[in-house]
Amino acid sequence: METLNFLAQGFDVALRPINLLVALFGAFVGTVVGLLPGLGPINGVAILLPLAFALGLPPETALILLAAVYLGCEYGGRISAILLNVPGDAAAIMTTLDGYPLARQGKAGIALSLSAMSSFIGSTIATIGVVLFAPILANWAVAFGPAEYFVLMVFAIACLGGMVGDKPVKTLLSALIGLGLATVGVDATTGVYRFTFDSVGLSDGIQFVIVVIGLFSVSEMLLMLEHTATGQQAVKASGRMLFNLKEFSFTWWSTVRSSLAGFVIGVLPGAGATIASAITYMSEKRMAGTGGRFGEGDLRGVAAPEAANNASACGSLIPMLTLGVPGSGTTAVMIGALTLYNITPGPLLFEQQPDVVWGLIASLFIGNVILLVMNIPLVGLFARMLTVPTWVLVPAITVVSVVGVYAVHSTTFDLVLMAALGVFGYLLRKMDFPMSSLILGFVLGELMESNLRRALSITNGDLGILWSSPITIGLWVLTAVMLALPGIRWMRARAKAKLAHA
């Protein structure tokens, strides 16, 4: 009953005119950013983050805006995946496998409307999960001390290497680079300058907004400039534009199963929507067996990954709100938004800032309805945006990024640093280093260091505190399992290859 009272309080916040307007704007911008190939939710949230802060929006309104953009990007990614065979972001890769064949068969309208409904169901189920489980986890997490928080963050970084699949070493190295960037600036304990190279601009450390805009937006612009053509011609969304009851019932159980699985995967720190959509697509393909037409235009192949990636997006908010640990790269940026407002995410957030937490959760329900209503009738408008040429898109995003960074501190040093980090991020991406793990490492760096120091100060430097409680021991075991997963997968793949050649 107490949870329902807090949720009602959240709806009172989310239904304020300014917050409704911000949610509508965020949902539209998020859908547009999501459908443009290569941008994705991290770029969408990163571009709007400094603007939200510079405009002086209150923290709950800023979070509602960023959450609406996040959900909108997950909805929008399917549009280019279905019509262009190019995913808007990595989470929509699996949608291309059946979405584009359906579009080529003249069923683009059905695929788009059904995937929008699947996205809505996935997000709604996951948001209900957030309402039910976030307060429970927050109450449990109050028992965490500095040692437990440090080991939890080690586990979160280990999850990155264990869950990404084919490049765990690069993922962990990327996270370590992020941890290294977090050490720049004045040591909060000793007052010693670290890695500032006698630069006054670096004495306060590298600002989160600069890191995000540089590594994501600027590097993405450089990658886009490599491609002068707009790509292949999009398939027109012709024919019947709305699914029927038979098609909906055919995909219903696939949608529900994928929503639940996506929610659980989203709660795991660092797992993200890409892994959720891949796992659910493959499991539905196995369940369909020889009777399915996966890869040739099966509606379940569109419904399952879309439900999963949207459910995962909402699920990733749970570790962010309750533990202060980002569940995905995008929620890492949202944690940065909270720190800009001097709000520390974690279990006490539910007690100290109920308007922020429950206003955000309530806005997820409202944002989902807005996105469903927006995405089905306006799909033709969104599809036309796929024809925007690169020479228009790149300068527009660059201007927004520069204005956003400059508006925070009004120093040209920030712009130079942003450009340098953009080039650095571009080189890393060319070498196939994932940027989302770098930003997770950067966000966790300061928290890891402060909690490790607090834990060691309690025991006068005795490291035994890091494995002295059942919680820390359990987390170390899970960390070891996550680090072992890539090796186990490699050995299984090698064994299968040997059997195939035998």
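Author: Buried means under 20% relative accessible area, exposed means over 50%, and partly exposed lies in between, with a 1.4 Å probe and protein chains only. The model is predicted: local features need pLDDT of at least 70 and side-chain atom pairs count only at pLDDT 80 or more, while totals for chains, interfaces and linings use all residues. Residues are numbered from 1 along each chain as its sequence is written, and side-chain values use heavy atoms, with hydrogens and water left out.

Reader: Why is R194 called buried?

Author: The relative accessible area of R194 is 18%. Buried requires a value under 20%, so R194 is classed as buried.

Reader: What makes E449 and R194 a salt bridge?

Author: A salt bridge is a side-chain nitrogen of Lys or Arg within 4 Å of a carboxyl oxygen of Asp or Glu. The closest N and O atoms of E449 and R194 are 2.7 Å apart, so the pair meets the definition. Helices (H or I, at least four residues) and strands (E, at least two) are DSSP runs, numbered from the N terminus.

Reader: Why is E449 called partly exposed?

Author: E449 has a relative accessible area of 23%, which falls between the limits for buried and exposed.

Reader: How do you know that E449 and R453 also form a salt bridge?

Author: Their N to O distance is 3.8 Å, and the limit is 4 Å. E449 and R453 are four residues apart in helix 20 and are therefore separated by about one helical turn. R453 is partly exposed, at 32%. R194, E449 and R453 are linked in a network of salt bridges.

Reader: How many salt bridges and how many disulfides does the structure hold?

Author: The structure holds five salt bridges. A disulfide is a pair of cysteine sulfur atoms within 2.5 Å, and by this rule the count is zero.

Reader: What makes C73 and C314 buried?

Author: C73 has a relative accessible area of 0%, and C314 likewise has 0%. Both residues are therefore classed as buried.
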